[in-house]
Amino acid sequence: MRLHKKIFKRLILLFMTFWLSGCAHFTKNNLIEEISPITFLSISKGDKGKLKISTILPPLSKEKKIVMSQEVSLLKEGVQKYNLNFYQEIKSGQMRMLVISEELGKDGIMSIINVLLTDPDISLRIYLVIVKGNFEEYLESQLDKDENFDYSFYRMLKHYEEKNQGELTVVNLHEFKNLLYTPYSDPFLPVFKIQEDGVSYEGTALFQDDKLVETISSLDDRIFQLINNDHYLEVLPIPKFEVVLGHVRSKIIVDIDSSYSTMTYTVNIDTRIEEYRGEKQLFDPKELENMKKNIETHLEKQTHELVKKMQELKVDPLQLGVQTKRPFSKPMEEKKWIEMFEKMDIKIKYIINIDSLTDANSKRQNL
Amino acid sequence: METHQLFKKNETYNGLYAMLLVNRLQMLYFFLIMPSILINPYMIWVLIAVGILSQLNLLLLSKWLLTRLSSNGYNGFVQLFGEKLVRFLSFIGLFFILLKLSVITLGFSEIIQTFMFPSTDTNFLVFFIFLFCCYVASKGVEHTIRFVLISFFCTFWMITFFVFFFFPPIAQLSDLYPLIPMDWKVENWKAFFLILSSYSGPEFLVFLGPWLKTNNKTFRYLSYGNALTVVEYVFLFIASLLYFGSNYLSKSKYPIINMARYFQNPVFERIDMVMLSFELFNLVFAVSLFLLLFYGASKIAFGKMSKPSSGKGLLFSVFLIFIGMVLVNELFWKSWEKQNFLLNLQIIAGSISYFLVPLIIVLVMKKKGVKKHAST
């Protein structure tokens with residue numbers, strides 16, 4: 001009797017381990033040699049309203065990699081076509097990036113986003129990226145030089161996402177979806193430009209709902225990082241005054257009047273001068289004060305233009321509309337807000353707090 | 001072979017167990033889908049208000065548990081209602097248990113299918129869940145009640161992960177606005193009853209009287225359990241509001257699990273799978289308890305109380321429930337509209353049973369003049 005019980009218990013244990021390991025005949029076959037967990041998909045516009053999707057295969061094994069492109073009318077159809085054309089089965093569980101072409105972005109990417117959201121295999125943390133230029137061609141040309149191009153690209157995005165490093169815009173699926181679906185906000189994505197020798201960060205693409213309407217770059221993009229995305233910049237060069245501000249931290253205070261006609265947007269900045277090549281004597285507090293004023297007006301002007309542009313395009317990536325929400329009143333309709341936003345008088349104010357130069361100035365007088 | 005004594009009573013469990021029983025029976029399935037039905041931030045207040053209402057229910061419940069009658073089990077109920085009525089009531093009770101069992105098991109197996117085994121038939125999953133439950137239930141009521149400790153420690157830690165959502169960049173206070181309702185829609189009533197039904201579960205403690213050690217601290221422990229649930233519900237709901245924003249919340253079918261998918265960990269990439277697997281412990285505990293109650297109730301309903309309880313009888317009733325559940329799965333659960341009907345039915349049934357069972361018992365007690373610890 002005891003023996004029976006012992007055997008029974010062991011059998012139960014064995015059965016449980018068997019079940020826990022997922023070794024059941026009715027689950028999917030995920031033998032690592034037989035699948036290719038793709039790391040990214042690149043989607044661009046094909047002929048006649050079709051989508052052209054491409055990726056690098058095989059993503060794992062040390063075989064010769066190839067770029068595979070398919071023209072399909074539905075996104076998931078592409079995955080099926082890959083399976084029919086490649087000896088391994090495509091799995092999307094390890095997908096890390098989705099590269100969308102600029103032209104496709106201009107047409108709207110709602111349907112693509114919804115496909116990603118519906119698939120429980122696809123993580124909500126995958127990065128969305130807009131690319132200017134022909135990404136497939138670039139991939140083909142890169143395969144010989146840099147096999148792990150996709151991985152290094154992913155690491156770059158991940159590096160800047162974590163702890164808000166403050167150089168470039170990085171947006172994942174969850175953030176994009178939230179900005180897309182909540183009222184009073186519009187999503188944005190990073191834009192990368194394909195050049196002959198590499199991929200370079202161009203700026204931030206602003207979306208009106210799911211359609212790309214504008215790309216902001218250079219100083220505008222820096223300002224955007226500062227006031228919205230990261231609230232931090234490693235360096236902020238202002239060539240006009242031959243100065244570079246470093247470790248720029250910002251704090252935003254938004255004030256909106258009760259009639260919702262004017263908004264005061266105050267940006268408090270803490271920074272220090274990292275480089276100066278001009279003629280002024282920045283050791284002199286007065287001169288420093290002057291410089292500060294100059295930078296403030298310059299940034300105010302630039303930011304004002306940027307916000308003006310947003311108003312004209314009716315996009316609100318800064319989520320200014322959220323400021324109208326109150327704990328004890330009914331939120332206004334999004335349409336009404338957009339109408340108001342268009343006409344709103346937005347005043348920009350910068351308050352800069354600069355640490356003076358700590359080391360010697362090359363043009364000190366008494367030297 | 002030793003005879004199975006499923007309902008024998010060797011020891012009684014103290015207030016801690018009562019607290020855990022209340023808490024775990026309230027955290028079964030509905031809390032996973034609750035945010036997508038509550039949607040509006042002001043529902044936080046409703047959650048708290050219904051929690052207080054549930055506290056009153058527990059007060060009534062503890063009144064019953066304090067009587068000698070409750071510790072007499074079946075005989076106590078017979079003294080209270082008379083045998084015929086008890087048989088009739090337990091017959092009705094069978095449907096309530098069956099409904100609750102179906103909703104929590106099928107709901108859970110559908111979640112497992114969606115997120116873990118997309119190509120597996122849910123009937124298989126139900127089968128395996130039942131296999132484990134059968135094992136637990138065959139150990140008898142005593143051990144099943146003791147299992148609540150395991151189930152609690154396997155599942156409670158998960159909620160601490162959700163603290164992550166309360167910090168920026170995800171948390172924005174404006175996601176919680178407006179805090180007071182501006183207009184009350186019809187859907188909000190559904191949400192209200194869903195909350196009421198989510199709090200249901202402790203009414204089954206009525207039948208566990210013989211195994212609970214009761215004293216004047218019992219109500220306090222029951223309240224702790226209930227309060228813990230309120231905290232958990234509010235915490236999860238606020239977290240989901242911060243994560244999704246109230247506009248997207250209604251579009252997500254399993255908000256809590258989708259939130260868990262957002263966690264990242266360098267070791268386990270899909271923490272949600274680990275969490276879901278652990279959540280099964282809670283399900284297995286509840287289902288085994290309900291299986292035992294079902295078996296007991298069917299014995300009463302069909303007048304077989306004189307026969308000793310046996311493992312075979314339990315197995316037979318589990319088999320019947322399994323068949324019933326597969327039928328419910330095929331006929332109702334798999335199509336979305338009918339599933340909704342079943343969910344609504346459970347929402348109503350849960351609310352009714354939680355509201356009426358303690359109330360009726362206490363009213364009858366008053367009428368019959370049963371007093372605390374009075375020997376009858």
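**Note on the predicted model: domains, interface and helix packing**

1. In this predicted model, chain A comprises two domains: domain 1 covers 28–217 and domain 2 covers 231–367. The centres of domain 1 and domain 2 of chain A, taken over C-alpha atoms, are separated by 33 Å.

2. The two domains of chain A meet through 14 residues of domain 1 and 15 residues of domain 2. On the domain 1 side, the elements that supply two or more residues are β9 (198–208) and β10 (211–217) of chain A. That side of domain 1 consists of seven nonpolar, four polar and three charged residues.

3. Between the chains, 21 residues of chain A are in contact with 19 residues of chain B. The chain B side has eleven nonpolar and seven polar residues, together with one charged residue.

4. Which residues make the contact between α7(B) and α14(B)? From α7(B) they are I129(B), F132(B), C133(B), V136(B) and A137(B); from α14(B) they are L283(B), V284(B), V287(B), S288(B), L291(B) and L292(B). By class, ten of the contact residues are nonpolar and one is polar, with no charged residue.

Technical notes: Residues numbered from 1 in each chain as written. Chains lettered and ligands numbered in written order. Predicted model: local features only at pLDDT ≥ 70, side-chain atom pairs only at ≥ 80, totals over all residues. Contact = placed C-beta atoms within 7 Å. Nonpolar A, V, L, I, M, F, W, Y, C, P; charged D, E, K, R; others polar. Domains from an automatic or database assignment. Helix = DSSP H or I, 4+ residues; strand = E, 2+ residues; numbered from the N terminus.
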